[in-house]
Amino acid sequence: ALFQCMPTLNTMVLSKWQESRRAEEERIRKEKEMDYLAPFLARVGDPPTLDHKQAKEVAETCLQDLRTRLVDMANVIQARFEKETDELQKKQAWYKQNQTSLTKEKETEYVSYCSDAMFRIHILEQRLNRHKTIAPQKYADLETRLKHDPRLAQY
């Protein structure tokens, strides 16, 4: 009876080993997909090792790319903030001109609009402030990561 269990046990061990091997291969594949330097290394021909000039170029391009993305994000948030603020000011000007002739329903709509707009403006302001706080830390984190990346040892 013990010998009859051995093939099953061997099959189970082999199956577990194959499963763990596949999982490890998948982890490595995902790691390569998420390699933050991959696009920058590709620009210099994806060499197996980098000389000083290439390492410096990759690091500086990577930092510049992050800087650009952070500035673009701040600009998008700022533009949305300004758009919401402008629309609210226009609505307030419209209300001042027409407040004497408004129905209760229109006045309720106006109050509701103002409340919603103030909420959106407040959220955008929080996002912008948070972005301004976090952006320098993200940049510093990337600088540190680049300095410790073995592929950029020449940098």
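Start by selecting Asp 46: at 52% relative accessibility it counts as exposed (over 50% relative accessible area is exposed, under 20% is buried and anything in between is partly exposed, using a 1.4 Å probe and protein chains only). Asp 46 sits in the loop between H2 and H3. Colour by backbone angle if you like, and look at phi, which is near 50° here, a positive value in a residue other than glycine. The helix names come from DSSP runs, H or I of at least four residues, numbered from the N terminus.

Before moving on, a word about what is on your screen. This is a predicted model, in which local features need pLDDT of at least 70 and side-chain atom pairs count only at pLDDT 80 or more, while totals for chains, interfaces and linings use all residues. Residues are numbered from 1 along each chain as its sequence is written, and side-chain values use heavy atoms, with hydrogens and water left out.

**Next stop: the helix pair**

Select residues 52-98 for helix H3 and residues 104-148 for helix H4. Two packed helices are described by the angle between their axes and the distance between those axes. For H3 and H4 the angle is about 165° and the axes are 9 Å apart (axes are lines fitted to C-alpha atoms, for helices over the stretch in contact, and angles run from 0 to 180 degrees between N-to-C directions). H3 is therefore roughly antiparallel to H4, a label for angles over 145 degrees. Their crossing is left-handed, meaning that the near helix is turned anticlockwise from the far one by less than a right angle. Show the side chains of this contact and you will find 23 nonpolar, four polar and eleven charged residues (Ala, Val, Leu, Ile, Met, Phe, Trp, Tyr, Cys and Pro count as nonpolar, Asp, Glu, Lys and Arg as charged, and the others, Gly among them, as polar).

**Along H3**

Pick Ala 74, in helix H3. Is Ala 74 buried or exposed? Ala 74 is buried, with a relative accessible area of 19%. Leaving out residues up to four places away in sequence, Ala 74 touches Leu 128 and His 131, where contact means heavy atoms within 4.5 Å. Now click on Met 73, also in helix H3, which is partly exposed at 43% relative accessible area. Then go to Lys 53 in helix H3, an exposed residue with a relative accessible area of 64%. Draw a distance from Lys 53 to Gln 154: they are 101 residues apart along the chain, yet their C-alpha atoms are separated by 8.1 Å.

**Into the cores**

Select Leu 37, Leu 50, Val 58, Cys 62, Leu 142, Leu 146 and Leu 152, which touch the most other members of the 18-residue largest nonpolar core. Such a core is a set of buried Ala, Val, Leu, Ile, Met, Phe, Trp, Tyr and Cys residues joined through side-chain atoms within 4.5 Å. Helix H2 (38-43), H3 and H4 each give two or more residues to this core, and H3 gives the most, with seven. Centre on Val 58: beyond its neighbours within four places in sequence, its contacts are Leu 37, Phe 40, Leu 41, Val 44, Leu 50 and Leu 152. A second, separate core has seven residues, among them Leu 88, Tyr 95, Leu 102 and Ile 121.

**Last stop: the H3–H4 loop**

Finish at Gln 99, in the loop between H3 and H4. Gln 99 is partly exposed, with a relative accessible area of 38%. Draw one more distance, from Gln 99 to Met 34: the two are 65 residues apart in sequence and 57 Å apart in space, C-alpha to C-alpha.

Note on methods. Parallel < 35°, antiparallel > 145°, perpendicular 65-115°, else oblique.
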